[in-house]
Amino acid sequence: MKPSDFPPPFDAREFVAAPSDPEDERIEVGVLIVGAGPAGLACAIRLGQLLEGAPELAERLGEVPVAVLEKGKQPGSHLLSGAVVNPRSLRTLFKGRVRTSEMPFHGRVEHEAVYFLTRGRAMRIPAPPTMRNHGNLVASLSQLGRWLAEQAEAGGATILPETAAAKLLASDARVRGVRTGDKGRGRGGEELANFEPGSDVLARVTVLAEGTQGHLTGVALDRFGLHGESPQVWALGVKEVWQVQKPLDRVIHTLGWPLRAGAKYREFGGSFVYPMGDDLVTLGMVVGLDHRDVELSVHDLLQELKTHPLLRGLLKGGERVAWGAKTIPEGGFLSLPRRLHAPGLLICGDGAGLVNVPALKGIHYAVESGRLAAEAAFAALQPGETPWRPGALARYDESLRDSFVWDDLRRVRNMRPAFGRGLVLGGALAGAMTATRGAFPPGSSDLEPDADQELISAGGAASYPAADGKLTFDKLSSVFLSGNKTRDDAPNHIRVQTDVPPELARLWENMCPAQVYEAVEGGVEVTASNCVQCGAITAKGGRLTPPEGGSGPEYTLT
Amino acid sequence: MKIAVCVKCVPDSSAHTRIDPATKRLDRSGEAALNAFDVNAVEEALRLREAAGEAEVVVLSLGPERALEPMRKALAMGADRLVLVSDEGAAGSDLVATSRILGAALERESPDLVLFGQQASDADGAVLQAAVADRLQRPLISQVAELRREDGKLRGKRQTEYGYDVIEAPLPAVVAVSDAINEPRYPSLKGIMGAKSKPQETLSLGDLGVAADEAGEAGSRTTVLALGEPPARGDTVKIEDDGSGADKILKFLLEKKAL
Amino acid sequence: MKTLVFLEHHEGALQKDSLGVLSKAVSLGGEVEAVVLGQGIEELAAGAGRFGATRVHVMDDVLLAAPLPQPRVDALETLVGEGGFDTVLFAASVLSADVAAGLAARLGAGLNYDLTDLVVEDGQLVGKRPALGDSVYVDAGWTSEPRLALVRSGTFEPSETGGSPDVQAYESRFQDFSLAATMVEQAHEEAEGPSIEDAEVIVAGGRGLGGPEGFAQVEELAKALGGAVAATRAVVDAGWYPYAAQVGQTGKTVSPKLYVAVGISGAIQHKVGMQSSALIVAINKDPNAPIFEYADFGVVGDLNEIVPKLTELVRQRRAA
């Protein structure tokens, strides 16, 4: 049995509509950006720079030339990553204006190590060439996001937090903007006393920078037939931030334990441990969602990981101060949409799948794609051009293909996480890959959707530690630490069949890091208010849609 | 009619608010939000305005510059303007100093009605409204779960330990509302976008005529002597029920004088 | 130290919390006097002597008949000035919080509130209070006199120590604005028992109850203990009990003297709503339930056996 046998009650057409608000109630902006993450904010920042030198255009764009919608409580609330960031795109974006030293990074990567773990040992192995991080900077993406938002606002952008983009507004084969989500609905969708309907927000150019599994991105790819040759696949990353007694002096990646190597498990992934300054450490577990064991829980694999001597010592006497979870698109080059623009529309960042999986990098691509999107939008808004003329925004795709983003992704296109394929292959593969610029190993488009994986019951949970409240924790404590305090009577934003066989219910129950699903008699029960919007369910048979704006996690250090 | 709503920006109630061991004051560097009860107060002001046909709703606060952002939520909901008293000399103000400063800011505005949220989530005293009412020499109705205005008089249902009182007071008055009074509205997108262009004033202590020794630690009459760990709960006892579980619980309750 | 304790009264009886504060003041030493304000309260006032007040000041005035705070501020201002008190203590209530705060502004006097203990250290009065959801403990002091303090309700138990005090009537003038608010209708004792925010005892039910019928026994136990009923998010979500009774991160925060958790696992979302309860008793059949880590007394067993038995035992005890 596989999850795709029980597809979710979701039809993308439900989320595309023509504008419906009366004309005088519609909100009009110049460029509308959906998502205040690195891609969206880079776009907003670059537009601010360009409009500085084009005051007549700025005026023609109206009172709000650049608007950024963010469904989280504030920019950063829904941002989560490792992260070790390649600063090149930020340098380009802020050239001549802000130095890297003024950006909120937690230090340069001086040393790094890759370990292969067994239950009791950690064996140092040479870092694959794709994982060399010298010159890169450690960041909390949530903090970086907050800082980028300030820069965007200083440059004239209007950031609108607590605002979800629920529907794509399209008519006459072009994108007109988005419709924001309603607020104040009850559990059954009924209007509560303080019900506030969403609004039509119209724009000349709409930029979707929604991040992994972007809701409207998926809708737009369907609507405009933009899907790439291979389906997208994802990994789930679960991470914590700890206050520690002794500083960590290196960036660490691990492979091996606690993941199982046998082919039948399909447990591809590893962990990362990064220092954030002298007193903080962030660590996380990343596992491909093509795993088969219904008992697998990335949340609990992370708890298990912490019991390894290498990590236990590092965290001794420390305190867990943050927790979060989010999916990462892993299909790479082969899963990219065949085009990232449509009339009036541009797609950036993780939503497009611009992630270098072996290097675990996506932030600098997001920033670069946002910057290039801004330039394309700016060009299409000049007198004599209209952004919804077919091809007006083609310059975006062209510039992206000419950039290092495309080069990088093409070079690593045949590599699932190098460090997940098994230790023998790891180093050799990586070397061969680099030497042949990606031609070897030969293109295995063996990318099946994660939901097509046959499920097995393989006892993964047997080794998960019980929560001790000091080193290891249970899911509800983790959800609490994410800052999630979504109201209990919020409508269910997760589209999933509930009359499902026990195996599938168990898969979801274990997979979800936030304890949203519970296997019960007859199927599965959904406690949607626990959801931290990681997106794992979308990979495995359900579909996440944006909940009420402002709800969900309130990340600050992730 | 002019309604002034006093609001406080408190650290967002996420997992780690902490007290800065160096200054012994609340570490407010985390993101701030409007105190929940104050949002009820803003909502009540807007409802009174709707009932009256028109009124000016001013939102007032004492805090750092950072407070402007959360205060704009009140503007997004529909308040007309905001006034922030922001001055380093006010940091560390206790009830005496805070009520002096707010009192001065309110005198400057001279509103018909001053609304407070019953208490703040970070310091939980439910004391500010009475201190300010005394400074302004105005009648006070607190812990109000229902409020009505009729012929220049206010009628409030005050919730006490014994049930509800109905108290009447003429305007100008000071009222503190509980969270039972209303369900605050969500700001509309238009409201949020319009908030930035509404008047926002920042004042210093000097603008209010408040002297340095009336504010901050100098103007306070209480002080934090030390910070420590809360007293340990004591040992937890866990037993298996062998039929005598209920008796053992009773014994425990009697021991602890809980009956 | 010369301390004045504000004694509240309701329907002919001195309020228990105020008497607790009075007993505490006596134990701290120095001269301790009390004040009772109202109408027709002279007889009541004498009762304060049993709890150690050497003198009880009384102001009996029709303008103090209704339990409104501002005339009381005027009355206390006069008394504090005349009596030379350096310390004024209140047991927190809706009324006394307003009185104490109004008095603080009037006198320019420091007010420390939500205190859970009062001690004398190195000759200085120090108030202790929890902060930040009980994660930190603060030692609070005053930089001038008189020192005003509001003590969290239920903190101190009254203890009879004294005899018959000297009852002294006095008078005061009132400010015009103090008399502007008037009582139109005064509250009666609630028929249904305390609301969960005010309750001294709470019995809470969770998923272990098995279904909404499970709440019948929770209600019985609550009645026997004279307390209120609360519920966890999970059972409210499932429709077993109304949202008004929900305790936890997305419900109410309570701090009763006794919290009995029946069939509740005790996840942190629930814990943050009740962790400052003075005493926590837990009954759950799962020995690994997180609640056992912070309950003062936990019983692993079948709640359907234990709860009815406990209810009966409590009833018997109370009848005796």
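Two strands pair if DSSP finds at least two bridges between them. Strands are DSSP runs of E with at least two residues, helices are runs of H or I with at least four, and both are numbered from the N terminus. I noted that T222(B) has W142(C) as its bridge partner in β10(C).

The model is predicted, with local features needing pLDDT of at least 70 and side-chain atom pairs pLDDT 80 or more, while totals for chains, interfaces and linings use all residues. Residues are numbered from 1 along each chain as its sequence is written, and chains are lettered from A and ligands numbered from 1 in the order in which they are written.

Next I checked two helices of chain C. The axes of α5 (residues 215–225) and α8 (residues 303–319) of chain C come within 9 Å and cross at roughly 20°. Axes are lines fitted to C-alpha atoms over the stretch in contact, and angles run from 0 to 180 degrees between N-to-C directions. Therefore α5(C) is roughly parallel to α8(C), a term for angles under 35 degrees. Among the residues making the contact, I listed L221(C) and L225(C) of α5(C) and L310(C) and V314(C) of α8(C).

How values were computed. Angles under 35 degrees count as roughly parallel, over 145 as roughly antiparallel, 65 to 115 as roughly perpendicular and the rest as oblique. Two residues are in contact if their C-beta atoms, placed from the backbone, lie within 7 Å.
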